[in-house]
Amino acid sequence: MSRIVAVVTTDRDKVAGGGAPIFIASSEEEKKKVAFLLEKIMDAAVHDLHNGQYILVDRSD
Amino acid sequence: MDWIVTHRYTIGIMIGAVFGIMARMFMLRTDYRQYPTYPHGRIIHLSLGVIAAGLGALAVPSLLEKEYTAVTFLSLAAQQFRDVRNMERQTLSNIDSMELVPRGATYIEGIAMVFEGRNYLVIFTAFMTSLFSIVFAWYWGVVAGIASLLVSNYFKSGKSISAIADVTNARLRIDGPDLFVDDIYIMNVGLEESQKIMEEHGLGLIVTPKNKNSRVTLANIGQRQAILHDMSTVLGIYRDTGEPSLIPLSKLDLNDGRLAVFLLPQEKDPSLARQVLLRVPILESAVRMPSEAHVRASGPL
């Protein structure tokens with residue numbers, strides 16, 4: 001089973017806490033930049049949830 | 001000629017051992033997959049082949065001299081080869097974590113099994129050759145040796161994907177973050193950079209199974225991982241550590257059993273990719289034959 005490593009969003013109200021750190025970006029541009037950096041640093045894939053949120057998922061078995 | 005008659009055991013053992021070693025050499029080939037590795041992997045395989053050939057050839061005189069308990073060394077040999085198979089599996093599993101596209105446990109298991117099986121074929125070759133040399137004459141031994149070599153050759157190559165499925169090149173479609181190969185959904189790609197890379201370098205293929213048995217074999221995850229690994233070995237892989245989204249993937253269409261293969265090769269050549277996929281070997285452990293199950297199609301079970 002995979003694990004959510006981090007969440008990147010512009011809207012604080014859309015995510016409730018639960019173990020993974022939430023990065024709140026102030027714009028779409030910043031959201032994409034933060035997600036890009038996190039993907040490279042964590043080696044975890046970024047997925048777009050179609051509602052303005054990105055999640056980073058750890059699939060190392 | 002007298003010398004041959006008086007020393008027929010020695011001649012028989014020598015001819016048996018020679019044919020056993022020849023059998024191992026014919027079955028040993030390091031191809032694009034670089035297994036066994038060169039040079040020490042080959043040395044190990046050949047040395048074990050020599051030991052197996054010697055054992056197989058020696059068994060015949062011991063049986064003929066009624067030294068039946070001496071044949072228990074064959075069980076010792078079986079134990080040794082099983083241990084070597086375990087060692088082989090462990091080595092391959094350890095380095096598998098260091099591959100950009102891993103082989104997977106099923107492929108590794110298949111390799112280890114083939115390794116053990118080939119040593120037994122060598123024992124068989126040496127035994128038959130030695131038997132015919134000693135019981136009949138040395139030239140009958142040579143004939144038996146050649147026949148055993150042909151048997152070993154038959155068992156050497158397995159089937160490839162072309163026997164169970166058809167492969168076609170497919171269109172890649174990136175709809176925002178969703179990646180499709182034809183109509184089969186592959187994955188969600190979040191980053192725009194990764195989406196652009198996939199559009200530029202990505203390659204999609206559809207594997208259509210030929211019948212019910214093929215459908216189940218293709219659905220096997222180990223078989224699919226082997227397909228991805230072999231294709232990445234031949235075509236190269238546009239990936240690195242720190243690029244987790246650029247991973248080759250295979251996904252099934254649950255309704256008709258078609259398999260969509262997505263990868264990012266260094267050489268983007270669709271027709272070459274299709275040829276490579278058709279030649280991927282079918283893993284023994286992945287083969288299933290539901291059509292041979294003895295269950296009644298209708299009536300109470």
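In strand β4 of chain A, the residue that bridges to H47(A) is I55(A), and D48(A) has its own bridge partner in β4(A), namely Y54(A). These belong to four bridges that join β3(A) to β4, residues 53-58 of chain A, and the two strands run antiparallel. When I say strand or helix, I mean DSSP runs, numbered from the N terminus, with E and at least two residues for strands, and H or I and at least four residues for helices; two strands pair if DSSP finds at least two bridges between them.

Before I go on, please keep in mind that this is a predicted model, in which local features need pLDDT of at least 70 and side-chain atom pairs count only at pLDDT 80 or more, while totals for chains, interfaces and linings use all residues. Residues are numbered from 1 along each chain as its sequence is written, chains are lettered from A and ligands numbered from 1 in the order in which they are written, and side-chain values use heavy atoms, with hydrogens and water left out.

Back to the hairpin: β3(A) and β4(A) have four residues between them, and in that turn H50(A) has a positive phi of about 65 degrees. Both faces of β3(A) are covered, since A45(A) and H47(A) on one side and V46(A) and D48(A) on the other are all buried, where buried means under 20% relative accessible area, exposed means over 50%, and partly exposed is in between, with a 1.4 Å probe and protein chains only.

Now the sheet as a whole, which is open, has four strands in the order β2-β1-β4-β3 of chain A, and shows mixed pairing. Because β2 (22-24) and β3 (45-48) of chain A stand at the edges with a single partner strand each, one side of each is left without a neighbour in the sheet. Neighbouring strands are turned by 25 degrees against each other on average, direction ignored; axes here are lines fitted to C-alpha atoms, for helices over the stretch in contact, and angles run from 0 to 180 degrees between N-to-C directions. Helix α1 of chain A, residues 28-42, packs on this sheet and touches β1 (3-9), β2, β3 and β4 of chain A, with its direction at about 155 degrees to that of β1(A), and contact means heavy atoms within 4.5 Å.

Moving to chain B, we find an open sheet of three strands in the order β2-β3-β4, with antiparallel pairing. Here β2 (172-175) and β4 (184-188) of chain B are the edge strands, each with a single partner, so one side of each has no neighbour in the sheet. Four bridges join β2(B) to β3, residues 178-181 of chain B, and one of the pairs is R173(B) with F180(B). Helix α7 of chain B, residues 192-201, packs on the sheet, touching β2, β3 and β4 of chain B, and its direction makes about 160 degrees with that of β2(B).

Which residues of helix α10 (residues 270-278) of chain B are buried? They are A273(B), V276(B), L277(B) and L278(B), and what covers them includes β1 (165-170), β5 (203-209), α9 (221-235) and β7 (259-263) of chain B.

Finally, N220(B) lies in the loop between α8 (212-219) and α9 of chain B, and it counts as buried because its relative accessibility is 18%. Not counting residues up to four places away in sequence, N220(B) touches S285(B), A286(B) and R288(B).
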